Amino acid sequence: MALLWGIDLGGTKIEGVVLEGRSPDQVVLRRRIDTESRHGYQHILQRIVLLIREMEHELGVTAAGLGMGTPGAIDPPTGLLKNSNTVCLNQQPFHRDIEDLLKIPVRIANDANCFALAEAQMGVVASEMPEAAVVFGVIMGTGVGGGVVVNGQVLGGRHGIGGEWGHNFLDDSGGACYCGKTGCVERVISGTALQRFYADAAGEERKLREIYQRHQAGVDQHATATIDRLIHFFGKGISTVINILDPDAIVLGGGVGNIDLLYTEGVKAVEPYIFNPRVNTRFLRPALGDSAGVFGAALLNP
């Protein structure tokens, strides 16, 4: 089997991996360097090239192709990258430029799709539900994103935004979103949004982990209100995904996904909103941790 090369491009680090098979136990090489995004678009391109060349030198092998996970997505009609929080990448012909520099074919998907692909093909879904045909991967952290995998393939979509449930409308109380809309899922149940909700109510700032601990201890009514808000709107928000995709499994990634109540009370909160008398969808904890992004990128290789 040909080696599978992957790059996970993040705002602060670029991670590379080489796999000799589609298993987390088949890592040949894994390296990371700083992105240094403050130096701009061209510098990021050169950092990616540098990492690939260093890995090729260390292995004594030249990459024949590359899969890459990016913040944001390639806009199919224009070929320009969009929706990236590394803003210097936006409106740039990133795919064309990186292929021109590396002189090899590059397949690109956004980071949430890479997460979903990795958990579907070599993570928790592969081990617990190998029969699953449709998998939805959720990222709930600083923001909210998602990825769709159908029969082992990423569903990018006509606009390149497949799985982007974070910018569906959820509730006006979320307020204005950077995307230009109001009340997006991301503005209501991201870690950032929940911490802001707590701070507005309690008059002091706390991290979500501490808010959850205070709720569990029953010592903070504002913490309880924050977690109740998460559970209610998680159920309402994810029900839309289930009604449209009806996935076999949903994998909850990101820091908010570590909250145990999502797998019990959160699932119960889905029931009033789905077009079915019960929730049969499996909600699963990710198995690959922070490896999912770079593994998923490698799996983009044919």
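The side chains of Glu15 and Lys13 are joined by a polar contact of 3.2 Å. A polar contact here is a pair of N or O atoms within 3.5 Å, one able to donate a hydrogen and the other to accept it; residues adjacent in sequence count only if both atoms are side-chain atoms. The model is predicted: local features need pLDDT of at least 70, side-chain atom pairs count only at pLDDT 80 or more, and totals for chains, interfaces and linings use all residues. Residues are numbered from 1 along each chain as its sequence is written, and side-chain values use heavy atoms, without hydrogens and water.

Stay with Glu15. Its side chain also makes a polar contact with the side chain of Arg30, at 2.4 Å. Glu15 lies in strand E2, residues 13–19. Strands are DSSP runs of E, at least two residues; helices are runs of H or I, at least four. Glu15 is buried, at 2% relative accessible area. Buried means under 20%, with a 1.4 Å probe and protein chains only. Leaving aside residues up to four places away in sequence, Glu15 touches residues including Ile7, Arg31, Leu51 and Val294. Contact means heavy atoms within 4.5 Å.

Now step back to the whole protein. It has 10 helices and 12 strands. Its radius of gyration is 20 Å, close to the 19 Å that the globule rule gives for 302 residues, so the protein is as compact as a globular protein of that length. The radius is taken over C-alpha atoms; the rule is 2.2 Å times the number of residues to the power 0.38. The C-alpha trace spans about 60 × 45 × 40 Å along its principal axes. Buried residues make up 52% of the 302.

Key
Buried means under 20% relative accessible area, exposed over 50%, partly exposed in between (1.4 Å probe, protein chains only).
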